[in-house]
Amino acid sequence: MTTPPDQRFKPQSDFLRTLSERGFIHQCTDMTALDARLCDRPLVAYNGFDLTADSLHVGHLIPIMMLRWLQKTGHKPIVLMGGGTTRIGDPSFRDTSRPLLDNEQIATNFQGIRRVFERFLAFGDGPTDAVMVNNADWLDGLGYIDFLRDFGRHFSVNRMLTFDSVRQRLEREHSLSLLEFNYMVIQAYDFLELARTHSCVLQLGASDQWGNIVNGVELGRRVEGRELFGLTAPLLTTSSGAKMGKSASGAVWLNAERLAPYDFWQFWRNTEDGDVDRFLRLFTELPSAEIDRLSALRGAEINAAKKVLADEVTALCHGRDVAEAAHETALCVFEEGEAASGLPTIMVKAAHLRHGMPLADVMVAAGLVRSKSEARRMVRGGGVRVNDSTVDDEGLRLTDRDAQNGVIKLSTGRKRHALIRIA
């Protein structure tokens, strides 16, 4: 089993070449053999998604985009819905057990997540059409004793304890139940089942799934002599070290019922400068030459690249019309100011913002609160947003770096807003 692929290796297959050029590849069990297999004929690959909520969030976009690129380069994706494994809960890199969900909630979550994939993949009966399967279909009928006898002997507890997802939990002296410990065995069996029933030879996933994926590859070899492969993508953090998929106000959901498309668009518009190039490659389908051009923008011009990023990701998740509407709404609020939006607007000299103005003072001046102490209480309660991102620092000072097209948007609660325009 390999870890990071040799950087000198130049993939010949369209799929691996695309993923390599756009920054998707972290680890692969056998890059050379997988590349040859991809060049030989269409390949079937899968990625699994447990049904822990009724929507996925932007942290899932990388594995979703990997499936999309798989299909676009002539191969067949399988979306594995974890109706069975959700009843256990993946312990990977968690300090506590996931809450156990009942069958009704799992079924509800299945329907919500299904809608996400209908935007990204073409489903059908063709050779490269995507299929969606539910591991509850085979896991629910397993006889426990028979399963342990037939497959448990292929797993070494000694080795399972060395995987990072388990080792880190134990090193922190956090409890790991037998139920959770079995998760990696069940996931390995999923891979074998899909290999048998759908001729699947490749499992995709994030890097925190490496141990689980390796177990599946090895189980296929030991039980039936199958050549299976695993490929993982890096777990992303932003330039500031924040975990991708989270905003200050919580998860950035992919379903419009969970997060309004405008707020989704705004999340990407607020991307840190240092992340623009990487996010354009991972989360859009723009050609590399266009990404190079956008990433070369500097200063205030980088905002144009951020708008393109927001437009493209929102179009993938919600449709082009919805993305354009979100873009126009943002223009009204941030660029046309009071005349278009009816929001109260105050003017602040650029020199004052250059050295920072206390947020509490600006909130009072904008009429959003009656006093600075009230402003600080609202911040502590999570009720203040700057450019739609929740503030958690009551001593925050606004600077010209917070401005978007010369405007800073302040919000309290759900409906009170004000614009700070730089004079």
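Contact means that heavy atoms lie within 4.5 Å. Keep that in mind for this tour of a predicted model, in which local features need pLDDT of at least 70, side-chain atom pairs count only at pLDDT 80 or more, and totals for chains, interfaces and linings use all residues. Residues are numbered from 1 along each chain as its sequence is written, and side-chain values use heavy atoms, with hydrogens and water left out.

**Whole chain**

Show the protein chain as a cartoon. The chain has 20 helices and 15 strands; these are DSSP runs numbered from the N terminus, helices being H or I of at least four residues and strands E of at least two. Of its 423 residues, 52% are buried. Buried means under 20% relative accessible area, exposed means over 50%, and partly exposed is in between, with a 1.4 Å probe and protein chains only. Among contacts between residues at least 6 apart in sequence, 73% join residues at least 24 apart.

Next, find the open sheet of six strands, which run in the order 1-6-5-2-3-4 with mixed pairing. Strand 1 (27-28) and strand 4 (131-134) are at the edges with a single partner strand each, so one side of each has no neighbour in the sheet. Two strands pair if DSSP finds at least two bridges between them. Strands of a sheet pair through backbone hydrogen bonds, either parallel or antiparallel.

Select strand 5 (residues 202-206) together with strand 2 (residues 44-50): they pair in the parallel sense over two bridges. Ala-45 is opposite Leu-202, and Tyr-46 is opposite Gln-203. How many of the five residues of strand 5 are buried? Four are, and the strand is mostly covered.

Step back to Ser-199, in the loop between helix 10 and strand 5. Its phi is near 55°, a positive value in a residue other than glycine. Most residues other than glycine have a negative phi. Ser-199 has a relative accessible area of 48%, so it is partly exposed.

**Cores and aromatic rings**

Select Phe-15, Leu-231, Trp-268 and Phe-283. Among the 94 residues of the largest nonpolar core, these touch the most other members. A nonpolar core is a set of buried Ala, Val, Leu, Ile, Met, Phe, Trp, Tyr and Cys residues joined through side-chain atoms within 4.5 Å. Helix 10 (residues 183-198) gives the most to this core, with nine residues.

Centre the view on Trp-268. Leaving aside neighbours within four places in sequence, its contacts include Val-58, Leu-61, Met-244, Lys-306 and Val-313.

The structure holds seven aromatic pairs. Rings of Phe, Tyr and Trp (its six-membered ring) pair if their centres lie within 6.5 Å; planes under 30 degrees apart count as stacked, over 60 as edge-to-face and the rest as tilted. Phe-49 is in strand 2 and Phe-117 in helix 4 (residues 103-120), 68 residues apart.

Trp-268 belongs to helix 12 (residues 261-269) and Phe-279 to helix 13 (residues 276-283). Both residues are buried. They are part of one aromatic cluster with Phe-264, Phe-267 and Phe-283.

**Helix 20 and beyond**

Select helix 20 (residues 372-380), whose buried residues are Glu-374, Ala-375 and Val-379. Seen down the helix axis, they fall within an arc of 140° (taken from the directions from the axis to the C-beta atoms), so they line one face of the helix. They pack against helix 19 (359-365) and strand 11 (384-386). Just after helix 20, Gly-382 has a positive phi of about 75°.

End at Asp-388, in the loop between strand 11 and strand 12 (389-390). Its phi is near 70°, a positive value in a residue other than glycine. Asp-388 has a relative accessible area of 17%, so it is buried.
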